[in-house]
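Student: I have a structure open and would like to learn how to read its features. Could you walk me through it?

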Amino acid sequence: MQFTNPDYNHFLLDQGLFGWVYKILTPIEWLMSEIMYWFHKLMTLIGLPSRGLSWILAIVFLVLVVHAIILPMYVKQMRGMMKMQALQPKLMHIQKKYKGKKDSASKEAMARETQKLYSDSKVNPMGSCLPMVIQGPVFMCMFYMLSAIPYIAHGSRATLGAFDKATAAEFADTYLFGLKISNTFGMADVSGKIVIGIFTVLMCLAMWYMQFNNMRKNLPPAAMEGQQYKMQQAMTWIFPLMYIFSAISMPFAVLVYWLTNNICNMLRSLWQVREFPTPGSRADDEKKKRDHINENKRREKTGQISLEEEALQKAEEAAKEREEHGYQREQPKRKRRKKK
């Protein structure tokens, strides 16, 4: 297979449907270019060269800023998902209650009871989708901006935010591990191809481990069998391998962004599995053990008895009560009303 150099007179992402979508997202692209530009300025003020590590750190910083902005929404999404999972038995009860009833009155009653359940529990079933709706365009803009810079430097594309031709040329002339960050796999020499290969492998590993850990620890046993589970296992390998075909056609700067982004996603996923596990999963069992140990440590510090001692104390009190009152439950006595 032969990989040719890109045609700098035709930027693919400015054409057709892609061009229309990215035109709408221009304000976000402008804001991102300004963040990178001013962070780069800050790096040069503390002594880093204007061409080199300062631009690499600007890419990493931009990824971190975007993840930091999204994190509160992500946490809200996880909490919303946990509330939805807790409501599943009640939702199944409502569905079972109206199972087989096709008339409009039953359908309306079912919808009414479901909405009341959401309202009483303060759960929005669409709330968990909002962060994903926001994340998608943001990461599309990051990808577009880094892909467009070599074309701006070449002069075939108009200015984008803080990246005029001179700034874009300075960015495009930056090197990392001896490889120009505006170069693609086809433009790189042998050592550059090895660097791109290493970055691609690391990108794939980060994504693979994120999915592997999620399947291994965050799925309940019932979900780890059947055809759907086998498809999920296959996707664990297929999605990372898709990066290989994308990586060979993208500028090295995009790979720097992808690797940073994948590492951030992997770390966030590890934290999610640890703190917001799926009920009944292995991660859920581990969290319960961890919470149990932490609660005992907290009680020890405050001079309280441990959870085990508390359970033993309650069992002894229950046994003592049974000895005193027998095993038969005492029937409640009717209170006599006072005569007026």
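Student: Which residues does methionine 36 touch, not counting residues up to four places away in sequence?

Tutor: Bear in mind that this is a predicted model. As a general idea, nonpolar side chains in soluble globular proteins tend to be buried together. Here, methionine 36 touches Trp55, Ala58, Ile59, Leu62, Met145, Leu146, Phe163 and Phe171, leaving aside residues up to four places away in sequence.

Student: How many residues does the largest nonpolar core have, and which have the most contacts inside it?

Tutor: The largest nonpolar core has 59 residues, and those with the most contacts inside it are Met36, Phe163, Phe171, Phe252, Tyr257 and Trp258. At least two residues of this core come from each of helix 2, helix 3 (53-97), helix 5 (130-154), helix 6 (165-172), helix 7 (190-217), helix 8 (227-247) and helix 9 (252-275). Helix 5 gives the largest share, 13 residues. There is also a second, separate core of nine residues, with Leu87, Leu91, Tyr98 and Val123 among them.

Student: Now for helix packing. At what angle do helix 10 and helix 11 pack?

Tutor: Two packed helices are described by the angle between their axes and by the distance between the axes. Helix 10 (residues 282-301) and helix 11 (residues 307-325) pack at about 85 degrees, and their axes are 9 Å apart. The two are therefore roughly perpendicular to each other. On the helix 10 side, the contact is made by His292, Glu295, Asn296 and Arg299, and on the helix 11 side by Leu307, Glu308 and Glu310. Sorted by class, the contact of helix 10 with helix 11 has four charged, two polar and one nonpolar residues.

Student: And which residues make the contact between helix 1 and helix 2?

Tutor: Start with the geometry: helix 1 (residues 16-24) and helix 2 (residues 26-45) pack at an angle of about 65 degrees, with axes 5 Å apart. That makes helix 1 roughly perpendicular to helix 2. Tyr22, Lys23 and Ile24 of helix 1 and Thr26, Pro27 and Glu29 of helix 2 make the contact. By class, this contact of helix 1 with helix 2 has three nonpolar, one polar and two charged residues.

Student: Where does phenylalanine 177 lie, and is it buried or exposed?

Tutor: Most residues other than glycine have a negative phi. Phenylalanine 177 has a positive phi of about 55 degrees although it is not a glycine. Phenylalanine 177 lies in the loop between strand 1 (175-176) and strand 2 (179-180). With a relative accessible area of 60%, phenylalanine 177 is exposed.

Note on methods. Residues are numbered from 1 along each chain as its sequence is written. This is a predicted model: local features need pLDDT of at least 70, side-chain atom pairs count only at pLDDT 80 or more; totals for chains, interfaces and linings use all residues. Side-chain values use heavy atoms; hydrogens and water are left out. Axes are lines fitted to C-alpha atoms, for helices over the stretch in contact, and angles run from 0 to 180 degrees between N-to-C directions. Helices (H or I, at least four residues) and strands (E, at least two) are DSSP runs, numbered from the N terminus. Angles under 35 degrees count as roughly parallel, over 145 as roughly antiparallel, 65 to 115 as roughly perpendicular and the rest as oblique. Contact means heavy atoms within 4.5 Å. Ala, Val, Leu, Ile, Met, Phe, Trp, Tyr, Cys and Pro count as nonpolar, Asp, Glu, Lys and Arg as charged, and the others, Gly among them, as polar. A nonpolar core is a set of buried Ala, Val, Leu, Ile, Met, Phe, Trp, Tyr and Cys residues joined through side-chain atoms within 4.5 Å. Buried means under 20% relative accessible area, exposed over 50%, partly exposed in between (1.4 Å probe, protein chains only).
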